[in-house]
Amino acid sequence: MRSDLLRRRDFLKLGSTAAMSLGYPSLFSIAKTHILTLSFDDGFKKSYFRIAELYEAYGLSACFNVIATGHFSDFKAVDQWILPELMGNFDDWTELVSRGHEVMPHSWQHRNLAREPLENAKNLINKCLDYFEEHLVGYDPTYAVFNFPFNSSTPELETFALSRVRAVRTRGAANNPIPHHTEPLILGCSAFGPGNGDLWMEEQINSFLNEPGGWLILNLHGLDDEGWGPISAGYLEETLQKLSQIQHLEIMPAGAVLKRTLD
């Protein structure tokens, strides 16, 4: 318990001094050099609504990515973590969008598309994106992100998906350049599992804050006991509170970062 407390105090100290360590004054007018996106996958209803509450407490918007068929009556467990009884539906996702959060596509059935025959994989991408366009109020493909299941893709699939969305998220360097153009983007991310991801997430963020800048995308799933590599709800709350005080850091959903380049 004491070591955990000291670790969190160290993180708070880093958060409050990060601006000075990077050579920036602690001013409200400071330039935003770092963007953090916590990208929550799969569609866990209980976790997502709790995450939304935590983000809203700090005036932030969360980034959710859902399996298009997760709410279907014939949806089957993908593994020991993605279970039908944990999934929300598109009424839930529309409600979260209406509250200012972001919901993006995360496949049709959560298959590893890189292992599927190419035409079948393309068909699954199309079915997913078609369903989002038809059923998610507010969905706009001009700044949408297709989040590959298992962060597994091929150049052919990335190119195909980018013909319908603005960006794809897949395996790769998690610190991405901050976009300043409207061209389609391939976004890298980092993920951890299957155990609790609190310490891993803290290490990733601490390292990022000591970089000159960029856009860090961490691929997460549920809270506490939901999903692969879950983080603790209490830890997320503490982290959002601390990070929201860092003047050169923005916490944003992925699509919102892309939309800003179009405005």
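User: Which strands each supply at least two residues of the lining of the largest cavity?

Analyst: In this predicted model, the strands are E2 (63-66) and E4 (145-147).

User: How many residues of each class are in the lining of the largest cavity?

Analyst: The lining has 5 nonpolar, 3 polar and 1 charged residues.

User: Why is Cys128 called buried?

Analyst: Buried means under 20% relative accessible area. Cys128 has 0% relative accessibility, so Cys128 counts as buried. Cys189 has a relative accessible area of 7%, so Cys189 is buried too.

User: How many disulfides does the structure hold?

Analyst: The structure holds 0 disulfides. To count as one, a pair of cysteine sulfur atoms would have to be within 2.5 Å.

User: What is noted about phi at Phe150 and at Asn151?

Analyst: Phe150 has a positive phi of about 60° although it is not a glycine. Asn151 is not a glycine either, and its phi is positive at about 50°.

User: What kind of peptide bond joins Gly193 and Pro194?

Analyst: The bond is cis, with omega of about 5°. Pro194 is in the loop between strand E7 (185-191) and H6.

User: Where does Leu209 lie, and why is Leu209 given its burial class?

Analyst: Leu209 lies in helix H6 (residues 198-209). At 1% relative accessibility, Leu209 is under the 20% limit and so counts as buried. Leu209 and Leu36 are 173 residues apart in sequence, but their C-alpha atoms are 9.8 Å apart in space.

User: What makes a set of residues a nonpolar core, and which members touch the most others in the largest one?

Analyst: The members must be buried, of the listed nonpolar types, and joined through side-chain atoms within 4.5 Å. The largest core has 72 residues, of which Phe40, Phe146, Met201 and Leu236 touch the most other members. Its largest share, 7 residues, comes from helix H4 (residues 118-135). A second, separate core of 5 residues includes Ile67, Phe75, Ile82 and Met87.

User: Which residues is Leu236 in contact with, leaving aside its neighbours within four places in sequence?

Analyst: They are Leu38, Phe40, Ile51, Leu54, Met201, Leu223 and Ile231. Contact here means heavy atoms within 4.5 Å.

User: What share of the protein counts as buried, and what share of contacts joins residues at least 24 apart?

Analyst: Of the 263 residues, 52% count as buried. Among contacts between residues at least 6 apart in sequence, 70% join residues at least 24 apart. The protein has 8 helices and 9 strands.

Methods:
Residues are numbered from 1 along each chain as its sequence is written. This is a predicted model: local features need pLDDT of at least 70, side-chain atom pairs count only at pLDDT 80 or more; totals for chains, interfaces and linings use all residues. Side-chain values use heavy atoms; hydrogens and water are left out. Helices (H or I, at least four residues) and strands (E, at least two) are DSSP runs, numbered from the N terminus. Ala, Val, Leu, Ile, Met, Phe, Trp, Tyr, Cys and Pro count as nonpolar, Asp, Glu, Lys and Arg as charged, and the others, Gly among them, as polar. Buried means under 20% relative accessible area, exposed over 50%, partly exposed in between (1.4 Å probe, protein chains only).
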